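Please read the following note beside the sequence and the model.

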Amino acid sequence: MTSDDRVVDLPDTIDPQNIPNHVAIIMDGNGRWATERGLPRREGHRQGVETVRETVRNCNALRIKVLTLFAFSTENWQRPDWEVSYLMSLPEKYFESELPELIQKNVQVRMIGDRKKLPRRVLKVIDEGAAATKSNSGMILNFALNYGSRAEILLAVNHLVSEAAAGKAMRRVTEKKLSSYLYTAALPDPDLLIRTSGEQRISNFLLWQLAYSELYFTEVYWPDFDKTELLRAVTVYQRRKRRFGGV
Ligand code: IPE
Ligand code: IPE
Ligand code: MG
(Lines give C-alpha, C1' and ligand atoms only; values in the text may rest on other atoms or scores of the structure.)
(Ligands and ions follow the chains in the order given, each with its own letter.)
Protein backbone atom coordinates (compact mmCIF):
# COMPACT_ATOMS: atom_id res chain seq x y z
CA MET A 1 0.00 0.00 0.00
CA THR A 2 1.32 3.48 -0.78
CA SER A 3 0.32 6.77 0.83
CA ASP A 4 -2.10 7.33 -2.06
CA ASP A 5 -4.22 4.34 -1.16
CA ARG A 6 -4.69 5.34 2.45
CA VAL A 7 -8.14 4.32 3.48
CA VAL A 8 -10.05 7.22 4.89
CA ASP A 9 -13.27 6.42 6.59
CA LEU A 10 -14.22 9.85 7.86
CA PRO A 11 -17.34 10.77 9.78
CA ASP A 12 -19.38 13.71 8.43
CA THR A 13 -18.08 15.95 11.19
CA ILE A 14 -14.59 15.97 9.64
CA ASP A 15 -13.73 18.16 6.66
CA PRO A 16 -11.09 16.29 4.63
CA GLN A 17 -9.89 19.63 3.22
CA ASN A 18 -8.97 20.98 6.64
CA ILE A 19 -6.90 18.23 8.23
CA PRO A 20 -4.07 19.67 10.38
CA ASN A 21 -0.72 19.20 8.62
CA HIS A 22 1.27 18.70 11.77
CA VAL A 23 -0.21 17.23 14.95
CA ALA A 24 1.94 17.15 18.10
CA ILE A 25 0.87 15.10 21.10
CA ILE A 26 1.92 15.21 24.75
CA MET A 27 1.06 11.63 25.64
CA ASP A 28 0.31 12.00 29.33
CA GLY A 29 -1.54 10.02 32.00
CA ASN A 30 -0.13 6.50 31.66
CA GLY A 31 0.72 6.32 35.36
CA ARG A 32 -2.67 7.52 36.56
CA TRP A 33 -4.45 5.20 34.13
CA ALA A 34 -2.66 2.25 35.73
CA THR A 35 -2.95 3.44 39.33
CA GLU A 36 -6.71 3.91 38.98
CA ARG A 37 -6.95 0.27 37.91
CA GLY A 38 -4.80 -0.95 40.79
CA LEU A 39 -2.02 -1.81 38.32
CA PRO A 40 1.66 -0.88 38.45
CA ARG A 41 2.57 2.29 36.48
CA ARG A 42 4.49 0.09 34.07
CA GLU A 43 1.19 -1.33 32.80
CA GLY A 44 0.08 2.18 31.87
CA HIS A 45 3.21 2.66 29.77
CA ARG A 46 2.69 -0.74 28.16
CA GLN A 47 -0.86 0.16 27.24
CA GLY A 48 0.39 3.58 26.09
CA VAL A 49 2.46 1.84 23.41
CA GLU A 50 -0.73 0.23 22.11
CA THR A 51 -2.24 3.71 21.84
CA VAL A 52 0.85 4.86 19.92
CA ARG A 53 0.31 2.02 17.43
CA GLU A 54 -3.32 2.93 16.91
CA THR A 55 -2.71 6.68 16.79
CA VAL A 56 -0.02 6.29 14.14
CA ARG A 57 -2.42 4.21 12.03
CA ASN A 58 -5.28 6.65 12.51
CA CYS A 59 -3.20 9.76 11.79
CA ASN A 60 -1.80 8.11 8.69
CA ALA A 61 -5.31 7.24 7.52
CA LEU A 62 -6.37 10.85 8.12
CA ARG A 63 -3.48 11.97 5.88
CA ILE A 64 -1.87 14.01 8.60
CA LYS A 65 1.56 14.92 7.21
CA VAL A 66 3.59 15.10 10.42
CA LEU A 67 2.88 13.43 13.76
CA THR A 68 5.20 14.39 16.62
CA LEU A 69 4.89 12.29 19.77
CA PHE A 70 6.42 13.47 23.06
CA ALA A 71 7.71 10.19 24.46
CA PHE A 72 10.38 11.25 26.97
CA SER A 73 11.35 14.69 28.24
CA THR A 74 14.70 15.98 29.47
CA GLU A 75 13.00 16.17 32.89
CA ASN A 76 11.78 12.56 32.86
CA TRP A 77 15.24 11.33 33.97
CA GLN A 78 14.14 12.37 37.47
CA ARG A 79 11.83 9.37 37.62
CA PRO A 80 12.82 6.21 39.52
CA ASP A 81 15.48 4.11 37.77
CA TRP A 82 13.10 1.22 37.07
CA GLU A 83 10.64 3.55 35.34
CA VAL A 84 13.30 5.25 33.23
CA SER A 85 14.65 1.90 32.11
CA TYR A 86 11.19 0.57 31.36
CA LEU A 87 10.41 3.66 29.28
CA MET A 88 13.74 3.22 27.48
CA SER A 89 12.79 -0.34 26.53
CA LEU A 90 9.64 0.80 24.73
CA PRO A 91 11.06 2.13 21.45
CA GLU A 92 12.56 -1.31 20.82
CA LYS A 93 9.27 -2.96 21.57
CA TYR A 94 7.38 -0.59 19.30
CA PHE A 95 9.69 -0.82 16.31
CA GLU A 96 10.10 -4.56 16.56
CA SER A 97 6.44 -5.07 15.81
CA GLU A 98 5.64 -1.94 13.79
CA LEU A 99 8.57 -1.28 11.47
CA PRO A 100 7.37 -3.57 8.64
CA GLU A 101 3.99 -1.83 8.65
CA LEU A 102 5.58 1.65 8.79
CA ILE A 103 7.73 0.76 5.79
CA GLN A 104 4.75 -0.64 3.93
CA LYS A 105 2.61 2.41 4.70
CA ASN A 106 5.27 4.80 3.38
CA VAL A 107 5.77 6.42 6.82
CA GLN A 108 9.07 8.19 7.49
CA VAL A 109 10.51 7.85 11.00
CA ARG A 110 12.49 10.66 12.64
CA MET A 111 13.59 11.71 16.09
CA ILE A 112 14.03 15.05 17.84
CA GLY A 113 15.88 15.50 21.12
CA ASP A 114 19.31 15.22 22.65
CA ARG A 115 20.89 11.94 21.58
CA LYS A 116 23.72 12.20 24.09
CA LYS A 117 22.07 10.74 27.16
CA LEU A 118 19.99 8.12 25.35
CA PRO A 119 21.00 4.46 25.70
CA ARG A 120 22.76 2.99 22.69
CA ARG A 121 20.02 0.44 22.06
CA VAL A 122 17.37 3.16 21.86
CA LEU A 123 19.45 5.10 19.34
CA LYS A 124 20.03 1.90 17.43
CA VAL A 125 16.33 1.11 16.90
CA ILE A 126 15.48 4.71 16.12
CA ASP A 127 18.35 4.97 13.63
CA GLU A 128 17.40 1.67 12.04
CA GLY A 129 13.79 2.81 11.75
CA ALA A 130 14.88 6.14 10.27
CA ALA A 131 17.28 4.49 7.82
CA ALA A 132 14.71 1.92 6.68
CA THR A 133 12.11 4.63 6.01
CA LYS A 134 14.22 7.58 4.91
CA SER A 135 13.04 7.52 1.29
CA ASN A 136 9.39 7.18 2.30
CA SER A 137 7.25 10.11 1.24
CA GLY A 138 4.17 9.62 3.39
CA MET A 139 3.51 10.70 6.96
CA ILE A 140 6.50 11.79 9.04
CA LEU A 141 6.44 10.04 12.41
CA ASN A 142 8.62 12.12 14.67
CA PHE A 143 9.50 10.86 18.17
CA ALA A 144 10.55 13.44 20.76
CA LEU A 145 12.98 11.54 22.98
CA ASN A 146 15.09 13.19 25.64
CA TYR A 147 13.54 16.33 24.26
CA GLY A 148 13.38 19.66 26.08
CA SER A 149 12.46 22.84 24.31
CA ARG A 150 14.66 25.17 26.36
CA ALA A 151 17.66 22.93 25.75
CA GLU A 152 16.81 22.92 22.04
CA ILE A 153 16.62 26.72 21.90
CA LEU A 154 19.88 27.05 23.85
CA LEU A 155 21.59 24.68 21.45
CA ALA A 156 20.46 26.86 18.55
CA VAL A 157 21.63 30.03 20.33
CA ASN A 158 25.00 28.47 21.08
CA HIS A 159 25.41 27.50 17.42
CA LEU A 160 24.76 31.09 16.48
CA VAL A 161 27.21 32.33 19.12
CA SER A 162 29.91 29.98 17.78
CA GLU A 163 29.29 31.19 14.26
CA ALA A 164 29.59 34.76 15.44
CA ALA A 165 32.82 33.97 17.27
CA ALA A 166 34.15 32.42 14.08
CA GLY A 167 33.27 35.62 12.24
CA LYS A 168 30.63 33.84 10.17
CA ALA A 169 27.48 35.28 11.64
CA MET A 170 25.20 37.80 10.08
CA ARG A 171 24.55 41.02 11.97
CA ARG A 172 21.07 40.10 13.04
CA VAL A 173 19.59 36.71 13.81
CA THR A 174 16.28 36.20 12.04
CA GLU A 175 13.45 33.86 13.05
CA LYS A 176 14.24 31.78 9.99
CA LYS A 177 17.89 31.50 10.97
CA LEU A 178 17.14 30.48 14.55
CA SER A 179 14.49 27.98 13.39
CA SER A 180 17.05 26.42 11.08
CA TYR A 181 19.10 25.38 14.11
CA LEU A 182 16.22 23.73 15.97
CA TYR A 183 15.73 19.96 15.85
CA THR A 184 12.54 20.68 13.92
CA ALA A 185 14.32 22.68 11.20
CA ALA A 186 12.86 20.67 8.35
CA LEU A 187 9.32 20.50 9.75
CA PRO A 188 6.37 22.89 9.64
CA ASP A 189 5.16 24.20 13.02
CA PRO A 190 2.41 22.12 14.61
CA ASP A 191 -1.13 23.14 13.68
CA LEU A 192 -2.64 21.21 16.55
CA LEU A 193 -1.20 20.31 19.95
CA ILE A 194 -3.05 17.64 21.89
CA ARG A 195 -2.37 16.92 25.56
CA THR A 196 -4.12 14.07 27.29
CA SER A 197 -4.74 13.46 31.01
CA GLY A 198 -6.30 16.79 31.99
CA GLU A 199 -3.07 18.68 32.60
CA GLN A 200 -3.11 22.05 30.90
CA ARG A 201 0.54 22.87 30.48
CA ILE A 202 3.24 22.60 27.84
CA SER A 203 5.92 20.92 30.01
CA ASN A 204 8.87 22.24 27.98
CA PHE A 205 7.57 20.94 24.65
CA LEU A 206 8.10 22.87 21.38
CA LEU A 207 7.92 26.31 23.02
CA TRP A 208 9.09 28.15 19.90
CA GLN A 209 7.17 26.01 17.41
CA LEU A 210 3.80 26.21 19.21
CA ALA A 211 3.58 30.01 18.85
CA TYR A 212 0.38 29.78 16.76
CA SER A 213 -0.72 26.21 17.25
CA GLU A 214 -4.24 25.38 18.34
CA LEU A 215 -4.17 23.80 21.80
CA TYR A 216 -6.48 20.94 22.68
CA PHE A 217 -6.60 19.48 26.18
CA THR A 218 -8.59 16.38 27.05
CA GLU A 219 -9.23 14.66 30.37
CA VAL A 220 -8.76 11.26 28.74
CA TYR A 221 -5.60 9.40 29.82
CA TRP A 222 -3.23 8.48 27.01
CA PRO A 223 -3.98 4.71 27.13
CA ASP A 224 -7.67 5.54 26.49
CA PHE A 225 -7.02 8.00 23.64
CA ASP A 226 -8.66 6.08 20.78
CA LYS A 227 -9.84 6.92 17.27
CA THR A 228 -13.02 8.58 18.55
CA GLU A 229 -10.92 10.87 20.77
CA LEU A 230 -8.57 11.71 17.90
CA LEU A 231 -11.48 12.56 15.61
CA ARG A 232 -12.98 14.67 18.40
CA ALA A 233 -9.74 16.67 18.65
CA VAL A 234 -9.64 17.18 14.88
CA THR A 235 -13.30 18.23 14.87
CA VAL A 236 -12.62 20.84 17.56
CA TYR A 237 -9.56 22.02 15.61
CA GLN A 238 -11.69 22.45 12.49
CA ARG A 239 -14.16 24.64 14.35
CA ARG A 240 -11.44 27.02 15.48
CA LYS A 241 -10.77 30.24 13.58
CA ARG A 242 -7.04 30.69 13.22
CA ARG A 243 -6.13 34.35 12.95
CA PHE A 244 -2.35 34.54 13.36
CA GLY A 245 -2.73 38.04 14.74
CA GLY A 246 -4.94 39.19 11.88
CA VAL A 247 -8.69 39.74 11.92
C1 IPE B 1 3.17 9.82 30.20
O2 IPE B 1 2.53 9.33 31.33
C3 IPE B 1 4.44 9.08 29.87
C4 IPE B 1 5.66 9.87 30.07
C5 IPE B 1 5.74 11.06 30.57
C6 IPE B 1 6.91 9.26 29.68
P7 IPE B 1 3.01 9.62 32.81
O8 IPE B 1 3.98 8.57 33.21
O9 IPE B 1 3.49 11.01 32.95
O10 IPE B 1 1.66 9.42 33.59
P11 IPE B 1 1.12 10.27 34.80
O12 IPE B 1 1.14 11.71 34.38
O13 IPE B 1 2.03 10.01 35.96
O14 IPE B 1 -0.27 9.77 35.02
C1 IPE C 1 5.26 15.41 29.66
O2 IPE C 1 4.63 14.66 30.64
C3 IPE C 1 6.33 14.59 28.99
C4 IPE C 1 5.87 13.50 28.15
C5 IPE C 1 4.64 13.19 27.88
C6 IPE C 1 6.91 12.69 27.57
P7 IPE C 1 5.08 14.72 32.18
O8 IPE C 1 4.18 13.82 32.90
O9 IPE C 1 6.53 14.49 32.28
O10 IPE C 1 4.79 16.26 32.51
P11 IPE C 1 4.55 17.00 33.90
O12 IPE C 1 5.66 16.56 34.82
O13 IPE C 1 3.23 16.56 34.42
O14 IPE C 1 4.58 18.44 33.59
MG1 MG D 1 2.61 12.76 33.44
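1. Helix H1 gives the most to the shell around ligand 1, with three residues. Helices (H or I, at least four residues) and strands (E, at least two) are DSSP runs, numbered from the N terminus.

2. This is a predicted model, in which local features need pLDDT of at least 70, side-chain atom pairs count only at pLDDT 80 or more, and totals for chains, interfaces and linings use all residues. Residues are numbered from 1 along each chain as its sequence is written, chains are lettered from A and ligands numbered from 1 in the order in which they are written, and side-chain values use heavy atoms, with hydrogens and water left out.

3. Of the 13 residues around ligand 1 (a heavy atom within 4 Å), Asp28, Gly31, Arg32, Arg41 and Arg79 come nearest. A polar side-chain atom of Arg41 is 2.9 Å from an oxygen atom of ligand 1. For an N or O atom in the side chain of Arg79, the distance to an oxygen atom of ligand 1 is 2.6 Å.

4. Around ligand 2 are Ile26, Met27, Asp28, Phe70, Ala71, Phe72, Asn76, Arg79, Arg195, Arg201 and Ser203. Strand S2 (residues 66–73) gives the most to this shell, with three residues.

5. Which distances separate side chains from oxygen atoms of ligand 2? For an N or O atom of the Asp28 side chain the value is 3.2 Å; for a polar side-chain atom of Arg195 it is 3.2 Å; for an N or O atom of the Arg201 side chain it is 2.8 Å.

Key
A polar contact is a pair of N or O atoms within 3.5 Å; within protein, one must be able to donate a hydrogen and the other to accept it, and residues adjacent in sequence count only if both atoms are side-chain atoms.
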